[in-house]
Amino acid sequence: MKYKSVFDIIGPIMIGPSSSHTAGAARIGLVARSLFGREPKWADISLYGSFAKTYKGHGTDVALIGGLLNFDTYDERIIQAKEIANEKNIKIKFIEEDALSDHPNTARLKIGDENGEMELVGISIGGGKIEITELNGFQLKLSGHNPAILVVHDDRFGAIASVSNVLAKYEINIGQMDVSRKEKGKMALMTIELDQMVEDEVLDELRALPNITQVTRIVD
């Protein structure tokens with residue numbers, strides 16, 4: 001595993017006993033909240049492997065709920081996340097899965113409200129670091145530790161180049177880009193991690209491009 005700083009080795013500032021089971025879980029919840037764009041009214045959370053076996057003792061459950069409530073890893077309100085969710089009438093259900101997963105610390109979050117739903121799979125890889133590996137059926141690789149944008153687009157010639165050209169115009173450097181699609185010629189998804197936050201005017205220009213359906217900014 002590669003480390004960018006000493007904080008990747010000693011772990012993040014956090015509430016809870018475990019960087020992988022608590023801080024990582026909170027980050028998964030945070031990214032889900034950011035992608036959904038608002039506070040969900042319900043969440044069905046499936047836990048796999050070590051997450052399923054130890055989530056109560058390690059505080060994985062309250063950390064995931066805290067993330068969905070937009071609490072960062074060091075926010076002391078995480079401890080009361082269940083109670084806060086109850087007060088907000090947010091319905092949370094945890095499911096302990098027996099199925100094997102690719103990683104022992106895996107969570108599948110299905111969240112929604114009266115306006116829509118979203119499904120996301122996240123894994124906690126240690127030291128508070130995470131990866132989002134699936135979003136609404138799309139395979140992707142998103143760390144959640146860098147500014148990023150998700151671009152839903154039609155699988156057409158030139159779509160990726162047009163997005164890259166806009167970012168280059170504003171001198172925004174791409175750290176990593178992944179592209180996935182469910183079927184040739186249909187809907188596709190770009191996951192782009194960047195060296196800096198993208199301003200609203202850049203997002204508006206990206207949304208105006210041909211074949212672009214949706215552009216979502218991930219808050220770092």
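**Charged pairs, rings and confidence**

Lysine 88 is partly exposed, with 41% as its relative accessible area; here buried means under 20% relative accessible area, exposed means over 50%, and partly exposed is what falls in between, computed with a 1.4 Å probe on protein chains only. Before going further, note that this is a predicted model, in which local features need pLDDT of at least 70 and side-chain atom pairs count only at pLDDT 80 or more, while totals for chains, interfaces and linings use all residues. Residues are numbered from 1 along each chain as its sequence is written, and side-chain values use heavy atoms, with hydrogens and water left out.

The partner of lysine 88 is glutamate 39, and the two form a salt bridge whose closest N and O atoms are 3.7 Å apart; the term stands for a side-chain nitrogen of Lys or Arg within 4 Å of a carboxyl oxygen of Asp or Glu. Because glutamate 39 lies in the loop between helix H2 (19-36) and strand S1 (42-48), and lysine 88 in the loop between helix H5 (81-87) and strand S2 (91-96), the pair ties together parts that are 49 residues apart in sequence. Such helices (H or I, at least four residues) and strands (E, at least two) are DSSP runs, numbered from the N terminus. Glutamate 39 is itself partly exposed, at a relative accessible area of 24%.

A search of the whole structure finds eleven salt bridges, and another of them joins aspartate 61 to lysine 82, with 2.9 Å between the closest N and O atoms. Aspartate 61 belongs to helix H4 (residues 60-68) and lysine 82 to helix H5, so this pair ties together parts that are 21 residues apart in sequence.

Aspartate 200 is partly exposed at 45% relative accessible area, and arginine 217 is partly exposed at 27%. Salt bridges that share partners also join Arg33, Glu39 and Lys88 into one network.

Turning to the rings, the structure holds one aromatic pair. Tyrosine 55 and phenylalanine 94 form this pair, which is stacked, at 5.7 Å centre to centre and with 20° between the planes; rings of Phe, Tyr and Trp (its six-membered ring) pair if their centres lie within 6.5 Å, and planes under 30 degrees apart count as stacked, over 60 as edge-to-face and the rest as tilted. Tyrosine 55 is in helix H3 (residues 49-58) and phenylalanine 94 in strand S2, 39 residues apart. Tyrosine 55 counts as buried at 7% relative accessibility, while phenylalanine 94 counts as partly exposed at 21%.

Finally, consider confidence: pLDDT is the predictor's confidence in each residue, from 0 to 100. The mean pLDDT of the protein is 87, and 89% of its residues reach 70 or more. Among the elements, H5 has the highest mean pLDDT (97) and helix H1 (residues 6-10) the lowest (35). Where pLDDT is low, the predicted coordinates should not be read in detail.
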